[in-house]
Structures are given as structure tokens and as C-alpha cells.
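Reader: Please take one part of this fold and go through it closely, pairing by pairing. Give the cut-off behind each term when you use it.

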Amino acid sequence: MSPDGAFAVSGGNDKKICLWNITGRKCIQTIDSGHEESIRGLAWSLDDHWIVSSSNDYTLIRRSFDREKSQISEEFEQLSREHEDFIYSLAISGNNKYIITGSTDTDVGFWDIETKKLLAKARDHESFVWNVSAGPQTDGMFLAASTSSDSTVKIWNVTEIKDEKVPLYADFPVIPGINIVNCDFSEAKIESEKLREMLAVNGGRV
């Protein structure tokens, strides 16, 4: 969804991107995504300039958005292929500096949204990374979360990424029998009671 909540974008197995007017409840533009496989994730930059998509073709594509025309550019820039499997999820960091990607290659990628370069890869998960999420500034930091089939939640400090490393802010222990596939910086999104209790004990914000 756009930062002001006026528009939304969607994508799917047809490899197309639709731009929706929320008030009018209708699709006002449909374009070819540029991806060779199904679209898995979409994210809107907080300055309203960019829309980024991820796909089963292991790639990311960045497009510009013209607010005055209410239109997504059909021209696109494909980021270099750095993941080795599906990019299931992506998010834009709360400081609008980084694209964060989660892949079934078990890696979490951190990209510069302006230069489109991969800055770092976190290989801390032991299985598929299903979801990544980013939150607003908290205690002077910008945080992001990743969840995985390894039953862990990892929180990353994405305030500033340098030297190809992203500080791990928190690492919640394995939760037996729980396959974590979604995360959000909102208590309402935590559907597992066991995870909710664990986060409360650890003071986590996911």
C-alpha cells in the first residue's frame, strides 16, 4: 500500500502488477511485471518514489511511481540476481534506506534502495525464510524481522548497514512444533499464543 493509503499494488501467478485506487475500489492500471515467474512480494518506498517486486525467478525489480499521474512506470530496473531460490517476501526499512528480502535459499538480503546494490546477506537461518517485515523507529533504531521454517524469529538492526554486516538485535529461540511463516510489527499479527507469550517475556516487538 502507498504511504498515504490512497493506492495499493497486487501481483500474482499471471506475472502482472495491478495498481488499485482504494477509494474507488478499482484497478486503474495493469502492467507486465517484467518477471519470468510468479510475483511473490511487493513493497512501496516510504518516499512514494519506488515500487519493488520479488518473484519465483529469484530476482527483484524496481519501478518508479508518478503520483501526479497515478501511474506506475512500465520501464523497470532489475536488480542483480543474488538469491539462489524464490524471493518469498520483501520489505522497505523504516528509514527508507534498504530493501529487505527473504528467500527459500535460507538467506535474508539487505539492499540499498537507491543504488540497487546488495549490501549484505545474513545466513543465520537454517531453513526457508518465509517473511520479512520492517518497523518504525524504536529507541533510536530501525528494526526488521525475519521468520523461517527453522522456527525462529530474528530481529535485525537496519539503522545503518556497512562492511557487509547487519547487526542481529535479537534472536528468539526455537519454538518446537511451530512453523513461523509470517511476522509484523504489530501484536495483532502474532497468531501463535506460544510465540506471543515468549515475546512478552523477552520484551520483543514483532
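Author: Strand 10 and strand 11 run antiparallel and are joined by 5 bridges. Two strands are taken to pair if DSSP finds at least two bridges between them; strands are DSSP runs of E with at least two residues, numbered from the N terminus. This is a predicted model, in which local features need pLDDT of at least 70 and side-chain atom pairs count only at pLDDT 80 or more, while totals for chains, interfaces and linings use all residues. Residues are numbered from 1 along each chain as its sequence is written, and side-chain values use heavy atoms, with hydrogens and water left out.

Isoleucine 87 has serine 103 as its bridge partner, and serine 89 is opposite glycine 102. In this hairpin 5 residues lie between the strands, and asparagine 96 has a positive phi near 60°.

These pairings belong to an open sheet of 4 strands, ordered 9-10-11-12 and paired antiparallel. Strand 9 (87-92) and strand 12 (118-122) are the edge strands, each pairing on one side only. From one strand to the next the twist averages 20°, with axes being lines fitted to C-alpha atoms, for helices over the stretch in contact, and angles running from 0 to 180 degrees between N-to-C directions.

In a regular strand the side chains alternate between the two faces of the sheet. In strand 10, Tyr98, Ile100 and Gly102 point one way, Ile99, Thr101 and Ser103 point the other way, and all are buried. Strand 10 is therefore mostly covered, with 6 of its 6 residues buried, where buried means under 20% relative accessible area, exposed over 50% and partly exposed in between (1.4 Å probe, protein chains only).

Phenylalanine 110 and tryptophan 156 are edge-to-face, at 5.9 Å centre to centre with 65° between the planes. Rings of Phe, Tyr and Trp (its six-membered ring) pair if their centres lie within 6.5 Å; planes under 30 degrees apart count as stacked, over 60 as edge-to-face and the rest as tilted. Phenylalanine 110 lies in strand 11 (residues 108-112) and tryptophan 156 in strand 15 (residues 153-157), so this pair ties together parts 46 residues apart in sequence. Phenylalanine 110 counts as buried because its relative accessibility is 0%; tryptophan 156, at 2%, also counts as buried.

Strand 15 also holds asparagine 157, which counts as buried at 15% relative accessibility. The side chains of asparagine 157 and threonine 159 make a polar contact of 2.6 Å. A polar contact is a pair of N or O atoms within 3.5 Å; within protein, one must be able to donate a hydrogen and the other to accept it, and residues adjacent in sequence count only if both atoms are side-chain atoms. Beyond neighbours within four places in sequence, the contacts of asparagine 157 (heavy atoms within 4.5 Å) include Met141, Phe142 and Tyr169.
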